[in-house]
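Welcome! Take a moment to look over the structure below, and then we will walk through a few of its strands and its nonpolar cores together.

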Amino acid sequence: MKKAELRATCLCLVSVFTGGSARAQTPVERVVYTFGNFPRGANPYGTPALDASGNLYGTTFEGGGANLGVVFEWSSSSYTVLHNFAGGSDGANPDAGVTLDSAGNIYGTTYYGGTANAGVVYEIPAGGKETVLYSFTGGADGANPYAGVILDSAGNLYGTTYQGGTSNSGVVYKLTPAGQEAVLYAFTGGADGGNPYGGVVSDPEGNLYGTTYAGGNQYNHAGVVYRLNPAGQEKVLYTFPGDIQGANPYAGVVRDSEGNLYGTADGVGGIIYKIGPSGTYKTLHQLKGSGPGGLKSGLALDAAGNLYGTTQSGGANNMGVAYKMDTVTGFQVLYSFPGAPADVDYKVSTGSTGGVALDAAGNVYGTTPYGGAAGIVFEAPVTGAPKVLYTMRGAPGGSIPFGNVIQDSEGNLYGTTQHGGAMSAGVVWKVSPAGEETTLYSFKGEADGQFPRSTLARDAEGNLYGTCFSGGAYNLGVVFRLSPSRQLTVLHSFTGGADGASPTNGVALDSAGNVYGTTAAGGTGSQTGAQEGVVFKLAAVGDLTVLHSFTGLADGGDPDSDLLLDASGNLYGTTNGGGLGVGVLYMATVTGEYTVLHSFTGGADGGIPFGRVAIDGQGNIYGTAADWGQLPDGGQGEGVVFEIDTTGTLTVLYTFTGGADGAGPVGDVALDSAGNLYGVTNAAGDECSCGTVYEIASAGQFILLHDFTGGGDGGLPFGGVILAPSGEVYGMTQWQGTAGAGVLFRVTP
């Protein structure tokens, strides 16, 4: 870039930007590859159904081809996806389980999708395809059913919706075999209750029983238990007081042959309650203290009067349990859920929200939404140990790429994903110029590492080098090498001591085969009380040397960028902490000398830099800071692109407005031979605040290359971009795409 031109224009760049500048041709974005996201389903919330042959049927809230959930069948020999929800008229995101009729037909609901995106009631005939029986309008007929349906002998379906109705407090509805919906009762949200999560059960006289999450007590709005007679008249059987006697039930009730109702509700750690035919309330068990807690699932009732259910917390792993409430011995833990692997930070690790199913022998079956990585199907048999029957597995080609891509001389692209693969612990992948993806390595989540977030480096022999955030001998991350024959070697397992821990970035290679990188934690230099990370050198023979241990003060802390190695052997990187509190740009030599080149102020120069910098032939450094900056009118910007010349003077080349141009510039920047800079923002843009791809021309002109829609083109890029020899810009988005797990994209400027 011509510095004189840039300095003359840097103060006016923001004021002249109005949504992109004209150029000879319109930039075109093309998706090269779409990363998958749990193709066989993820996060089963509902209670499964069991048929006479012992096959289990259920739903997942996410995963599948569109990441909007599936209906599945599990048998002792196979797991089969019966329907992938597409998010259109067929529905999306089923929260409830399914109901089976005697012919094997499946009935259920989705919370979203349908003609008004207010949910649907669907049927999957035995061996057939999904049919929508009713699509909620979101008006008086109801909206967004959390609960499933029940069947009567005439084939009518009954259920509830969480919203909609005349007071938008939910309804109880009936759906005939002809598809005619009738609202049996519309909740007002007052004393009669409101917003039912749970469904209904019936008695021989046709009365319906259920709960509401809200309404009831005018002070606490803690919900009610109700009965609805065939004429549509509601009677409140119990109003929850909002204390240890119960509050805000998520699940409905079960009914025994004597007319007693049983259910669960919040209240300290949660309660299991009974309501007799005369309306008498009794707390059967209260969960409290350090034991299991969080009762949001419904109950199952066996012929002896024992109750079964699940909790969301407690147990051996604090991930919830499956339990039995025995009529003689009381509360018993049948199975402590295994929970998710360590560091699965893209899913909240909680236990089951669904109930359980019982077979004739008394064996208990259920699902948890976050066991494994995205849910499990389990059995707690009457005799023997509980076991996992099926684990929802990630996409073989990987999901959710954090780092940048690299390209070889033949045009093949290489990268990593944080998740996906056989163990949902991440993969190393290759995409050919024709767009064909090959998984080169699938991490096991053990000594080999798990959750790679890094950009790869490639040597002359075709070996790939990178890092994993966790896994390894101490579960604190590794540096790895992957050979062309796909043999993975762990070069170093971080201990969390002086050598650092939890690397989030890629590595740089020199001609002698030495590897350079950073860790986000560990080290011995911290003066802040928090682990601040290190810069390290890993010699070709395998010995690790710490070049710098961050203090978290003036020298910076929490390095979060790939390193750039120049021809003289100097390393350049950024931290997003320390300095003046919002990060620094630094240089480190391979012999351990360390210099802060700039401390960001959080003012006009921005702050919190993420991503690798670029250097031109004159030694000028270019990069981004993800936040702050000053607009021409004095307002706060949303990140900057900067240049630091050889004298150490920082010039702001562009300040993002947070509008159509983007917000939060992150990741690696790329510099072409003409001095044009390319990069991405992680947010804003006109479409959905899903980020942009931009160019800053050598003349100082801002050019919008692509505005992510959050649809099939992806969204929320994080790793930055690279330039192909042809001038095309390649990068990845962390999320969105048709499966919601990111895309590999190409932009032709």
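**A strand and its neighbours**

Strands β31 and β32 run antiparallel and are joined by five bridges. Keep in mind as you explore that this is a predicted model.

**How β31 pairs**
- On the β32 side, T417 stands opposite V427.
- Strand β30 (residues 406–407) also runs antiparallel to β31, and two bridges join them.
- I406 has Y414 of β31 as its bridge partner.
- Five residues lie between β30 and β31, which form a hairpin. In the turn, G411 has a positive phi of about 90 degrees.

**How β31 is covered**
- β31 spans residues 413–417, and five of its five residues are buried.
- In a regular strand, side chains alternate between the two faces of the sheet.
- Both faces of β31 are covered: Y414 and T416 are buried on one side, while L413, G415 and T417 are buried on the other.

**The nonpolar cores**
- The largest nonpolar core has 16 residues, and F35, V405, W429, Y730 and L744 are those with the most contacts inside it.
- Two or more residues of this core come from each of β1 (28–34), β32 (427–431) and β56 (729–735). β32 gives the most, with three residues.
- Which residues does V405 touch, not counting those up to four places away in sequence? They are Y414, W429, T455, I722, Y730, M732 and L744.
- Another core, of 15 residues, lies apart from the largest one; F240, I271, Y273 and Y281 are among its members.

Conventions: Residues numbered from 1 in each chain as written. Predicted model: local features only at pLDDT ≥ 70, side-chain atom pairs only at ≥ 80, totals over all residues. Heavy atoms only, no water. Core = buried A, V, L, I, M, F, W, Y, C linked by side-chain atoms within 4.5 Å. Buried < 20%, exposed > 50% of the residue type's maximum accessible area, 1.4 Å probe, protein only. Helix = DSSP H or I, 4+ residues; strand = E, 2+ residues; numbered from the N terminus. Contact = heavy atoms within 4.5 Å. Pairing = 2+ DSSP bridges.
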